[in-house]
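Please read it alongside the sequence and the model.

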Amino acid sequence: MTGKLHWASLGLFVLLGHVGLLMYSAAWHSPTTDEPAHLAAGLSMWRTGSFSDYSVNPPLVRMVASFPVLFMEHGTDNTSRAPGAFARSEFSVGNDFVRMNGERTLWLLTVARWACIPFSLLGAWTCRVWARDVFGPPAGFVALCLWCLSPMILGHGAVITADVPCAAMFVTTCYAFYIWLSLPTWGAAFTVGILLGTALLTKFTCLLAIPVMVFVWLVSIYPCFRVACMAKNVWQSQTSGEQGNRCKAASGFKHSPGSGVRRQLLQLTVTFLTAIAVVNIGYGFEGSGRRLDSYQFRSRLFTGVPHRTGPLIIDDPATVAASRFGNRFCGSVLGALHIPLPENYLGGIDIQRRDFETPVRSYLFGEWKNGGWWYYYLAGFLVKLPIGTLLLIALASFCFLRTGVRAGAVVELLIGVPLVIVMATCSAQTNMSHHLRYAMPVLPFLFIWISRSVCDWCVQAQCLRVFACTAVVGMSMASLFVFPHSLAFFNVFAGGPNNGQMFLLDSNFDWGQNRIYLREWMEDHPEARPMSFESPLGYDHQLIGLKCIKAPHSPTPGWHAI
């Protein structure tokens, strides 16, 4: 009991520190490129009940972020919103929001960022309890530290984008599914459904949780199903005796499955139906139940024809036809199906899919390329993860090869399968390989799995346990040394943040988060006038008090902010 209290006390200290770091970072960073659009879209959703703004992502995170702002004095302007079901005007509306509120935007955005901190706390808690359940209390503390002090979590957890909430909800849903696998009950199945539906409201990446759950469940029942083929009465509501022990040992769980395959299948059905209901509630049942052939899609996946690049505003059927918008399901049996999802949910998937089908210029290790690289995320993590984390990955891999998966095969499978599926899916979308944050759901599963490196049964040599603890301390110190500039963190292999632009750009390095720091520097150096500054994306920097002139087209002597 004393040991458990000791680890719990240390964990609480780390969690409180995590909250403090996120609150400080949220207050001292300027709006990133996407944030004004997210905040303006969330406010619009609360006021109008329409979810068409920023439909390329589900609405939960921006609605949570914008909720406290509803009760604060602020101005809104929707004159830049373009008509049409497929318009993408959220960025111009976001710029209007900054223009209406000026420097007060910084305070409004800070409050919105603080409202999203509970998502990161949920991810930290899940990493701790899952690693503790599987590998023991020391592993739980290590997984907690890896989450709370990760530069990527600290950087993206202090903004109102959906990447950290997506990672937190993804791993929490899978942990609840792990609990259900260990003891399938109707209550556990219903809980998994609620969490899955909530995850699906954070980001479309969480749709990958569905094949993960189905695959792991099929694997988990296979050993017992094989036994059932040999003996008819193995699967009962409560297994017992030698056959029950064989089932439990093969599945890797302490508890009896508690139900047969048919009952588990029914419970899974309840889980998915509950998730669909939660998604519909999140969208207010907006347009739910439409026939599939009534949609007008624009991605190649749903239209069946190559799309052309051009304006995203669609106003009338003639424009739709001219732009090759359509529906490949028209005239087919599938077209008559009524989709039990909100129209903007399916429409958002279509918009995002179209983005994935449109090649963009990607930057990696000093090279620009149209269409990107399949190994972009692997290479990105190699330079963005602290050296201590990379050393723990190496040690955990050594432990895995040395000890295997032990009796808890399904338990560790549920940790590894999401990691592999998310990484493989992101790597396959080479057209969109320019934001490492897209693979953020990989991190919590990675943290849980590498926490095994401090387990007594895994690392019996005292020197290796000391090595693992040293790696955790080194990771923490490297992250805190760079803080609060966590978004720009690069490990020593990459030469640190000063050389980050040699490896990655965009949200991996400079996402517009340092404009307040530039403003503070200019106030301390009045001789640096005039200062030119140019930002190709986002809002007008002068609206938040950054008094810079527009950068000249050709280099000239003077002061320039790059």
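Buried means under 20% relative accessible area, exposed means over 50%, and partly exposed lies in between (1.4 Å probe, protein chains only). This is a predicted model: local features need pLDDT of at least 70, side-chain atom pairs count only at pLDDT 80 or more, and totals for chains, interfaces and linings use all residues. Residues are numbered from 1 along each chain as its sequence is written, and side-chain values use heavy atoms, with hydrogens and water left out.

**Cysteines**
- The structure holds 0 disulfides (pairs of cysteine sulfur atoms within 2.5 Å).
- Cysteine 166 is in no disulfide, and its nearest cysteine sulfur, that of cysteine 206, is 3.6 Å away.
- Cysteine 206 is likewise in no disulfide.
- Cysteine 206 counts as buried because its relative accessibility is 0%.
- Cysteine 166 counts as buried because its relative accessibility is 1%.

**Helix α20**
- Helices (H or I, at least four residues) and strands (E, at least two) are DSSP runs, numbered from the N terminus.
- Among the buried residues of α20 are Phe445, Phe447 and Trp449.

**Glutamate 534**
- Glutamate 534 sits in the loop between β3 (531-533) and β4 (549-550).
- Glutamate 534 counts as partly exposed because its relative accessibility is 42%.
- Leaving out residues up to four places away in sequence, glutamate 534 touches Lys550 and Ala551 (contact: heavy atoms within 4.5 Å).
- Glutamate 534 and isoleucine 562 lie 28 residues apart in sequence and 7.5 Å apart in space, C-alpha to C-alpha.
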